[in-house]
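Reader: I have a structure open and would like to learn how to read it. Where do we start?

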Amino acid sequence: MPDKQPRIPGSPGSATPPVAEPTTPAGPLPPSPDQSGPATVSPTGQETGTPQDKMAQGGKFLTTAHGARLKDSDHSLKAGNRGPILLQDHHFREKISHFDHERIPERVVHARGSGAHGVFRGYGTASKISRAGVFAQDKETEVFVRFSTVVGSRGSSDLARDTRGFATKFYTDEGTWDLVGNNIPVFFIQDALKFPDVVHAVKPHPDREIPQAQSAHDTFWDFVSLHTEAQHHTMWNMADRGIPRSYRMMEGFGIHTFRLIAQDGSTVLVKFHWKPKLGVHSVTWEEAQIISGADPDFHRRDLADAIEAGAFPEWELGVQVFEDTEDQMFAGIDLLDPTKIVPEELVPVEPIGKMTLNRNTTNFFAETEQVAFNPNNLIPGIDVTNDPLLQGRLFSYLDTQITRLGGPNWNQLPINRPHAAVNDMLRDGMHQTAVHAGVAPYRPNSLDGGNPFETPDGDRPFIDHPAPVPASVKERALPASFEDHFSQARLFFQSLSEVEKEHVAQAYTFELGKCYEQAIRERQLKALAAIDPTLAQVVADGLGLPVPKPAESPADVVPSPALSQVGREWPLDGRQVGIVVGPDVDAGELSGTVTSVHQAGLVPLIIAPSGGEAATRLLGKDLVAQRTYLTARSIEFDAVLVASATPPAPDAANGLDSKVGASTPDGIDPRVSLLLGEVWRQAKAIGAYGAGEDVLRTTGYLEGAGVVTGSGAEEAVQQLLNLMPAHRVWERFPTTGRFATT
């Protein structure tokens, strides 16, 4: 065994609690080693040198909000022990009033999210195209990232089929830069004026407030079938990209085209890409359904657990670079159209830096919930373009923060404070926490010695690039190049592997099958026919409808292999392997199995018949059962290894566990049989050694692609590790052949 056991994440505190209630007064416990709060800078962005623990609660005793110690926080002050509560009970009034106002308005979109702290290190490769200091070679910049779903409320499931937000706040020494993107490189609409419409359409119906966190309903499909510009984004959502395996295995995109300004004033246009080190990976539809019921916090937990376990998620930031021409087009693609991509085969993504998330939040509300992103937050060397969706976001985000966070000083909340000194002449307002000095918050002035001064060119001021504005007339219109709504949706679909196309067809069939109005289904089928006739035919067959004549003939496209998630291999850092054991397991051999998995950079989780003292007697004091037959579920594991026989445990009875089935093979615990069946259907790698091989044989899962056995633990583990870099063993199941030639 290694000197240090694998760190299994999930402990709710930084110390082991005693069984009895503590009675000796003591100060607050420190946060866990993986946690950290916002940087301890002042409201005006200046370093204070204050230790992190001084920003949290202090002292041994309970106090009021003003520091008066309290003797009793369990009983209200009453007129006799059976009398009414007295109005003079200041502690009750303070405590209940604060509780009544604990919640702030949730975000209209992206309400459900999770965040973490990290660092971005520039490669220096972008320094020739942008004067932004954040891109300088080996320059390290603190970041905070918030991942989110778009449609659901704060209490919705992580695994809804949905677009995911990927918002990054760079605390640079030149000001805060917010790169606010998604895991899909295009958006539903081309003009921000339609944003309220698409959100109203995809949100729950206003009469019944259902369905929650779903696009499988009439109003969404009514909107996208009428606004065919939404077809490209919808195709991505219906693909496996709409149900990612993990935030750690999710690409991010800036969506819009931005302008970078070099030191000499020259400019280029760019699209930003986040590329995950672990590759792009998704769950199956069955897993998504199980997760939503068994662990709706799956993505949130996965991110926090990986950081706690030391498997720090990493992404490379890259850019596609385009010449800043007058027409802002590339190869016939309008760079200002947010519903279009430029395939990576035409313009490769050039890496310019790496981001590592290495610290969890200390307080979810203070950090993840109160963090506020704003596309207006730009730094010297980065500027916006005339993308009509981006132009609208520049107003909307700032307007939103003022309402949601209670006034204009939302940027003074600790998580939003810049790490560059602020001298902005903005004063007062609700929640002003800076104590401004001076008497002349205007310029020029002489009473404050002229401070603050405007920045000369040599000291790196922010410069709005003087892009020419063509002579024109005021009009509500879009350029003709925005009118192609189908070719890129076809490009995306044609770029997918056969199994991914099958998943897209299943998703459309399911979602349109949830629509009540047949007219909406027929209208969407007409759009699908313009994208891919075979796809339209398969979906129509599933709905029991004829294929309508397409709105236009499908375009000729060149597939982009970069858009498929299948066919490559990726690192295994932080992947979880479930090791199933029974009462006759060889503890010594199991110890070697755990070591082998751990040394490969994965997290081994032992699944035993029961936990507690019974598991200790079974495994010995050096090994711990992290899961039991009762608590384990397939969704947690990227692969499963059966290390011994698994006879039914004492609690394997229909009256005790609803997961127990009637058709379980003799001699196998029904929860183990269920686990193996789900992992088999989800195309995950399965391994066994010793008596574990008999378990696979008995349950019928020994034969088939992606199932390996070994003469011993070491051989079985190695064969399992050889399978896992591909994420799934799709060849286990033959495809229907319907998309073999499309």
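Author: With strands: helices (H or I, at least four residues) and strands (E, at least two) are DSSP runs, numbered from the N terminus. Two strands pair if DSSP finds at least two bridges between them. The model is predicted, so local features need pLDDT of at least 70 and side-chain atom pairs count only at pLDDT 80 or more, while totals for chains, interfaces and linings use all residues. Residues are numbered from 1 along each chain as its sequence is written, and side-chain values use heavy atoms, with hydrogens and water left out.

Reader: What is the strand order in the open sheet of 6 strands?

Author: Strands of a sheet pair through backbone hydrogen bonds, either parallel or antiparallel. Here the order is β15-β14-β13-β16-β17-β18, and the pairing is parallel. β15 (627-628) and β18 (707-710) are at the edges with a single partner strand each, so one side of each has no neighbour in the sheet. Strand β17 (residues 685-689) joins β18 through 4 bridges in the parallel sense. Tyr 689 is opposite Gly 710 in β18.

Reader: At what angle do helix α3 and helix α4 pack?

Author: Two packed helices are described by the angle between their axes and the distance between the axes. Axes are lines fitted to C-alpha atoms, for helices over the stretch in contact, and angles run from 0 to 180 degrees between N-to-C directions. Helix α3 (residues 218-226) packs on helix α4 (residues 231-238) at about 135 degrees, and their axes are 9 Å apart. That makes α3 oblique to α4; angles under 35 degrees count as roughly parallel, over 145 as roughly antiparallel, 65 to 115 as roughly perpendicular and the rest as oblique. In α3, Phe 220, Trp 221, Val 224 and Ser 225 meet Gln 231, Thr 234 and Met 238 of α4, where contact means heavy atoms within 4.5 Å.

Reader: How many cavities of 30 Å³ or more does a search of the whole structure find?

Author: On a 1 Å grid over the protein atoms alone, a cavity is a set of points where a 1.4 Å probe fits but cannot get out, and lining residues have an atom within 4 Å of a point. Grid points are joined across faces, edges and corners, and a volume is the space filled by probe spheres set on the points. The search finds 9 such cavities.

Terms used. On a 1 Å grid over the protein atoms alone, a cavity is a set of points where a 1.4 Å probe fits but cannot get out, and a pocket is an open set with protein on both sides within 12 Å along at least five of seven lines; lining residues have an atom within 4 Å of a point.
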